Amino acid sequence: MTAGLFSEAWATALGAALARSDAYRHTARLWEGAVVLDWTDAPASATDGDGARCGVYLDLQHGECRAARLASRADYDSARYVLSADLDAWMTLLEGQMTPTMALLRGKLALSKGSIGALMPHAKAAAELVKVAQTVDRDAAATQALPTHAVPDAPAAPPSDAPARSSRVHALQSTSATGLRFDSVPMRLWEKAKRLGVWNPADIDFTQDRLDWQKLAPDEQDMLLRLTSLFQAGEECVTLDILPLLDVIASEGRLEEQLYLTSFLWEEAKHVEAFRRFFDQVAEMRSDLTHYHSPAYRRIFEQELPSAMGRLRTDRSPVAQARASVTYNMIVEGVLAETGYHVYHRVLSERGIMPGMQRVATLLKTDESRHLAYGIHLLSRLVVTHGDEVWHAITQRMDELLDPAIAIITEAFAAYPPTQIPFDLDPDAFTDFATRQFRRRCDRIERARHLSLAEFDTDPQDLDVLEAV
């Protein structure tokens, strides 16, 4: 057995370390349910010899570790969660090279038993458990604890060496021999934006929506006000914060991308108008709605988004671009907005109410799908061009923001009694939806690590992305 991992002595030592850890006790105070850490490629010598699996059983309740031992078959059956990985993945976690959240989303760690929707709100507790495990001796004969490799901070912004531009840096492209690459992903997205993105919020009829609204129960109205207020403020924030990205792309002379990006600002601005019309014409709500903005929501939209996008004004490096795009495209649009549309569909379409808002949600989802497709393309291009430096920046930024993004979802539902959530919504189902979508896109970007620039330009999966929008 490698370095004592998944031994009885290591399991006992881990249980004792968890019992001593105030940090774990605090972050895991809401955790309920035993977990098995499963070693999938364990040699026969690590099992009981009859094909049994090899794992460590931890009975965890509200920050306390009540038992820690090698897992029996009964333990596998009774545990609420079984987290499975091969030895390489466990070592990656225990050496601090990846967090449990990112290991799950990238498929390095599998949830063999249990709901990922129920697990994600406890991501901080899982991360703290791993930190404690990093301090546990792996070899009964050794006294040296595992080293803890902290994830490096984002590189500091280098001093800007770009003076204010008084002349154009790049030669004009559209009148050159190069012309425009109409077959490129950005130009195909631009074509879709011209066909599908031209709609007017003022043309949407909310007459029936107002009648349906008046028939809703107070808690149902509150749920829709909460959801729409999160969308309204979020759309305003992205409208205000997108300009630095447009400027960076323009400064690099990427004309096709810049043409498509002109639709971003136009579409985000229309989204702001559409949601405001819901408040004015359907809910007739003109009071302050910021009380719906939870701590995690404020962190993402008041701190992380403007900081990452604003940094592009002084730092146009590939790493800064990647961190900005992850924040904007992968988290704000890919986790939060897309999950929000899923809630709208679950509430409005399945009940056949509010046809105006159904139309708004459909139009916005179509717009945002193009934004997401571009974000995947941009991040993939940065990885292909600049390699692992950018890839590591992407995964680090995802890791920083995924937990607060999921917390926005859980905090929204936490405002209601667990057995009385409006519209009979299941919070776990939406958390599960968000994490599945995020993982799919993360996998798509990771493919770029294995592509040359020539292969990237002709990657058939770009066509798959386009067909989906």
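For this tour, Ala, Val, Leu, Ile, Met, Phe, Trp, Tyr, Cys and Pro count as nonpolar, Asp, Glu, Lys and Arg as charged, and the others, Gly among them, as polar. Keep in mind that this is a predicted model. Counting cavities of 30 Å³ or more gives two, and we'll visit both.

**Stop one: the largest cavity**

Select L227, L230, F231, L336 and G340: of the 23 lining residues, these are the closest to the centre of the largest cavity. The space here has a volume of about 350 Å³. Now show the helices around it. α10 (218-241), α13 (295-310), α14 (318-349) and α16 (388-414) each put at least two residues into the lining. Which of them gives the most? That's α10, with eight residues. Colour the lining by class and you'll get 15 nonpolar, three polar and five charged residues.

**Stop two: the second largest cavity**

Next, pick L37, L83, P100, A126 and V130, which lie nearest the centre of the second largest cavity, out of 20 residues that line it. About 270 Å³ of space lies inside. Bring up β1 (35-39), α4 (87-94), α5 (100-105) and α7 (123-134), the elements that give two or more residues to this lining. Highlight α7 for the top contribution here, at five residues.

Before moving on, apply the class colours again. How many charged residues does this second lining have? There are no charged residues, and the rest of the tally is 19 nonpolar and one polar.

Definitions and conventions. Residues are numbered from 1 along each chain as its sequence is written. This is a predicted model: local features need pLDDT of at least 70, side-chain atom pairs count only at pLDDT 80 or more; totals for chains, interfaces and linings use all residues. Side-chain values use heavy atoms; hydrogens and water are left out. On a 1 Å grid over the protein atoms alone, a cavity is a set of points where a 1.4 Å probe fits but cannot get out, and a pocket is an open set with protein on both sides within 12 Å along at least five of seven lines; lining residues have an atom within 4 Å of a point. Grid points are joined across faces, edges and corners, and a volume is the space filled by probe spheres set on the points. Helices (H or I, at least four residues) and strands (E, at least two) are DSSP runs, numbered from the N terminus.
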